[in-house]
Amino acid sequence: MKPLLLRGGRLIDPSRGIDEKGDLLIARGVVESVGGKLGNPDDAEVIDCAGLIVSPGFIDVHCHLREPGREDVETVATGARAAAAGGFTAVCAMPNTEPVTDNQAAVGFIVRQAQRAAAARVYPIGAISVGQAGKVLAEFGEMVGAGAVAVSDDGKPVASAQLMRTALEYARTFRIPVIDHCEEPTLAAGGAMNEGIVSAELGLKGIPAEAEEIMVIRDILLARLTGGHVHLAHMSTRGSVELIRWGKDRGINVTAEVCPHHLSLTEESVRGYDTDAKMNPPLRTAADVEALQEAVKDGTIDLIATDHAPHHYDEKEREFADAPNGIVGLETALSVVVTNLVKDGSLGYSDLIERMACAPARIFNLPGGRLEKGSVADITVFDPRAEWVVEPSKFLSKGRNTPYAGMALTGRAACTIVAGLVVYRSGVSA
Amino acid sequence: MTGALGKDLLGLESLTGDQIRLILDTAEPFKEISERAIKKVPALRGSTIVNLFFENSTRTRISFEFAEKRLSADTVNVSSSGSSVSKGETLVDTARNLEAMRIDMVVIRHSASGAAQFLAERIESNVINAGDGTHEHPTQGLLDILTLRDNFGSLEGRRVCICGDILHSRVARSNIWGLTKLGAEVAVCGPRSLMPSAIDEFGVKVFDRIEDAIEWAEALNVLRLQLERMTSGYIPSSREYNRVFGITRERLDRAPRDVLILHPGPMNRGVEIDSDVADGPHSVILDQVTNGVAVRMAVLYLLAGGKPELAEAAKGGSGRGREEDRS
């Protein structure tokens, strides 16, 4: 394998305080040299990165790859290729598959499918409870042994406070985060969108912000009680941000993520009953979007994750209340963040990279997240000025369900490198 | 083809005050047809209309059917039980199949909010919303408003209170939009557990106590209390509902004026409304039903491209409203 030289890009690694123009050399799957002009050592393959940003590889800690069970809507392979096309060198796959990824054999299956795909890395997340039924703890130890990097019953909240407490305690042995989908189930039951004036006008059952916030504060308090690490998935409300801030101020081991759609769209998108604007947690209000953007800037929210959730178009093409929750996000995440937060100057590229690459690696204890001699060569090269219009039919994901269809966005992955191998380059999956 | 109302009637929220007045004015000449011995005019002769009822309905379906038949349209009724819907066909497939049969209009009743719009966006035919989930029921709103206008002359400044389960009521939403657009003052009254939490943002007055609502209002539109609201825990019992929120003779006797009583039906006598009120001198509940046919004739006629000024002539039998706009 020839060395790879990324020439003349803007190298940014917030974990080491790097932001400079220069070359980056990769050899034998690791970073060989960072910065300066390197000429052309060892007959390296050269990729011209002039005008592009060279970053530690983006890591999406929250996506749904649907395999096993719903290979008609996504597989580990198509998801991993879509991830690479979006600039992600690694993704974490949620366990709400059919059957549920709740044991070491199921975790091992995801790992093997990911190896075959040879695109972005895929790290399995194991279930918290057997069958995600919320009753019996799954075997965290064996799942971690097989490659799981965290546990979650995502898609469902952990309704029982006692089970959540036990999970946080038990997970400490394995040093993995427990990820919770924060939703008080009785308040959210039957809800199809945010509860507010729009749901009242449309005649759709709403999910109040409080359904999320009640579980956010419960989980923060349980993290305080147990000393375990709780990671709060897809935060969507201003109140959640305030509660996380409260927890962090007290040194409680809580981290949190937000999705690009909650940073850019509001409940107004649901008008017209567009099922591509239906997800859980739902799109909220402008005040929530503003608070979440602020939280990404000040670090209250640690990282950005997609909650990539492909669905068959037949399932989305129906009455709003009956349509499934979720949108695809892997191939639009970077662009949505650049367009909505970076373009107006409110978020710097260094902070974007911290939230999309460094923090996920650090918090989930994953390889990557830095540009440093000897570190794994998972690198994302992106064009911060690329202008493009979202055409779902061109996605590498099998999913087409996106509220961004037809929108003009800025910023796009140019080249995605995993362990020194180019897995995606400018419009073509390698 | 689009007439003065556009292609479809999906709700009153999207209509202007002028469009609502146009429908009401167009309904006036149609009222008389139902009083004739031969209750039929040829305005929609040759048109095919499908009444697609995914939810049980007696009054609305019959009212639409009479309206269609009195305008000489050919109609087909489809209900969810015993149709392809009960075999698992999706709404979009049902729509495409209807379209393939070259129909002119669909009247749809469905339990999902937004179902009428969903259908309207996918077929060329005119779509009339006959009630979609908890969203809107525009023809019910229109017939309520027509009945109020018959009694008040104008809605401007008139005080109308909608009483009951606002949260789940499509009738309430259509009334709020329609009445507000015609300049009426609108209030709602009922238990807060049966009101949207964002009700204050609707721009209507909210009464927690029915006594206060009665003191304020010139007309009460009393909504039906769905019995499943008790089993699903929104309110404790129908008995207590009647004691706290029921429209009773004693409560009305304390009102400073005569209060007009409307009810979209079917009534739960002794729950949301007492029999002596429903059957009393200020009840216009049966006038609503009569007006329902005229309003629906007006909507059908206007959506078919009929000219409002020709409504009188169409009534007489020229039957041109549709054909001349068909090309």
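1. Welcome! Please keep in mind that this is a predicted model. Domain 1 of chain B covers 17-136 + 291-325, and domain 2 of chain B covers 138-287.

2. Next, look at how these two domains of chain B meet: 19 residues of domain 1 and 18 residues of domain 2 take part in the contact. On the domain 1 side, α1 (17-31), β4 (126-132) and α12 (285-303) of chain B each give two or more residues. That side is made up of seven nonpolar, eight polar and four charged residues.

3. Chain A is also assigned a domain 1 (4-54 + 375-425) and a domain 2 (57-363). Their C-alpha centres are 25 Å apart.

4. In chain A, 30 residues of domain 1 touch 44 residues of domain 2. Strands to pick out on the domain 1 side are β16 (379-389), β17 (408-418) and β18 (421-425) of chain A, with two or more residues from each. β17(A) has the largest share, seven residues. By class, this side holds 16 nonpolar, nine polar and five charged residues.

5. Finally, the two chains meet through 15 residues of chain A and 20 residues of chain B. On the chain B side, at least two residues come from each of α3 (91-100), α4 (115-120) and α6 (170-181). Which element gives the most to this side? α4(B) does, with three residues. Nine residues of the chain B side are nonpolar, eight are polar and three are charged.

Terms used. Residues numbered from 1 in each chain as written. Chains lettered and ligands numbered in written order. Predicted model: local features only at pLDDT ≥ 70, side-chain atom pairs only at ≥ 80, totals over all residues. Contact = placed C-beta atoms within 7 Å. Helix = DSSP H or I, 4+ residues; strand = E, 2+ residues; numbered from the N terminus. Nonpolar A, V, L, I, M, F, W, Y, C, P; charged D, E, K, R; others polar. Domains from an automatic or database assignment.
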